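Student: I have a structure to look at. Can we go through how its parts get their labels?

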Amino acid sequence: MWKILVPKKIAYGENAAKEFEYPEKSLIITTTESKIYEKWIEYMGIKNYEIYDKVTPDPAIETIEKIKNEYEGKEISHYIGLGGGSSLDVCKYLSKITGIPKILIPTTFGTGAEMTTYAVVSFNHKKKLLQDEAFLADAAIIDPYFLPGTPFNIVRNSACDAAAQASEGFDSKLANPLTKLFCKEAFDILENAIINYKHELLPYGAMLSGLGFGNSSTTLGHALSYVFSNEGVPHGYSLSSCTTVAHKFNNSQYYERFKRICQKLKFEPLTLKQPLDQAADVIMPDRGHLDNNPIEVTKQDIIKCLDQIVNNNPLA
Ligand SMILES: [Zn+2]
């Protein structure tokens with residue numbers, strides 16, 4: 001048997017966020033500043049809402065508890081996550097603990113968080129990847145309206161993340177015919193968007209990537225990337241070299257195409273402060289990613305991959 005989990009309702013394409021009918025008494029949760037989100041809310045036509053705009057990147061469980069307490073007894077009908085992955089993750093976790101439904105609206109397009117059962121929340125200053133069916137959106141809205149004006153660095157890191165997720169998700173041991181369909185189509189669209197400068201296609205590509213990898217998991221590329229993220233490299237940026245090297249190790253059909261995307265986006269090689277052996281010890285316990293890799297990975301393999309990443313510019 002195969003199964004996939006998807007949000008109850010998916011609205012996508014031009015004007016999706018404008019034409020959607022929002023419930024009243026919603027609590028909008030965002031990471032952005034008022035001069036930006038006021039314009040967004042006007043476009044969306046949301047009426048009679050509350051807003052919480054103090055979510056910071058890499059949200060901590062304390063922030064989530066604080067929002068829960070602040071709005072307790074205020075008859076909130078829905079949460080509306082509006083922004084990058086962090087605002088969506090806060091909504092997902094809040095919804096799980098309060099039972100209040102959530103509408104997820106990404107304004108950057110890469111993680112596919114609005115489609116998945118994953119959420120990243122920090123406990124004691126450590127990021128934790130959680131998975132729960134309760135994290136699935138009651139409605140996900142994908143509208144390219146939010147794309148123009150996004151800084152190039154965010155667009156490129158997000159695009160790289162989406163392409164890495166689609167291709168790793170395709171190769172994953174947990175893949176099934178339907179997830180492969182989503183991942184393959186996602187990669188084709190993202191590749192076209194990046195190589196031919198058709199950035200308006202990125203939101204749809206990232207959405208399909210989320211539907212695919214969200215039901216099949218990412219693999220070695222993502223496992224390798226977290227030691228670089230821990231040293232401050234943005235997630236999507238670190239995947240440029242990590243997923244390229246992982247695809248080579250796995251003999252993936254996506255190796256050349258993924259590398260070409262990264263070259264087009266002009267990513268620079270990565271550096272690592274900690275010794276490779278020590279980094280490999282951090283990566284090895286990440287069974288959630290490594291166990292789904294199409295080929296078994298030993299610690300020696302990890303060290304070899306890291307060596308290629310930091311000493312042999314895999315994107316050259
Ligand atoms: Zn990712």
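Tutor: Start with a definition. A residue is buried if 20 or more other C-beta atoms lie within 10 Å of its own. Keep in mind that this is a predicted model.

Student: What makes strand S7 lie largely in the open?

Tutor: Count its buried residues. S7 covers residues 126–131, and of these six the number buried is zero, so the strand lies largely in the open.

Student: Why are S6 and S7 called paired strands?

Tutor: Pairing needs at least two bridges. Six bridges join S6 (residues 118–123) to S7, so they pair. The two strands run antiparallel. Val-121 stands opposite Lys-128 in S7. S6 and S7 form a hairpin with two residues between them. In the turn, Asn-124 has a positive phi of about 50°.

Student: Why is H9 called roughly antiparallel to H10?

Tutor: Their axes cross at roughly 165° and come within 9 Å. Angles over 145 degrees count as roughly antiparallel. That makes H9 roughly antiparallel to H10. H9 passes H10 in a left-handed crossing. By class, their contact has three nonpolar, four polar and two charged residues.

How values were computed
Residues are numbered from 1 along each chain as its sequence is written. This is a predicted model: local features need pLDDT of at least 70, side-chain atom pairs count only at pLDDT 80 or more; totals for chains, interfaces and linings use all residues. Axes are lines fitted to C-alpha atoms, for helices over the stretch in contact, and angles run from 0 to 180 degrees between N-to-C directions. Helices (H or I, at least four residues) and strands (E, at least two) are DSSP runs, numbered from the N terminus. Angles under 35 degrees count as roughly parallel, over 145 as roughly antiparallel, 65 to 115 as roughly perpendicular and the rest as oblique. A crossing is left-handed if the near helix is turned anticlockwise from the far one by less than a right angle, and right-handed if clockwise. Ala, Val, Leu, Ile, Met, Phe, Trp, Tyr, Cys and Pro count as nonpolar, Asp, Glu, Lys and Arg as charged, and the others, Gly among them, as polar. A residue is buried if 20 or more other C-beta atoms lie within 10 Å of its own, exposed if 12 or fewer, and partly exposed in between; C-beta atoms are placed from the backbone.
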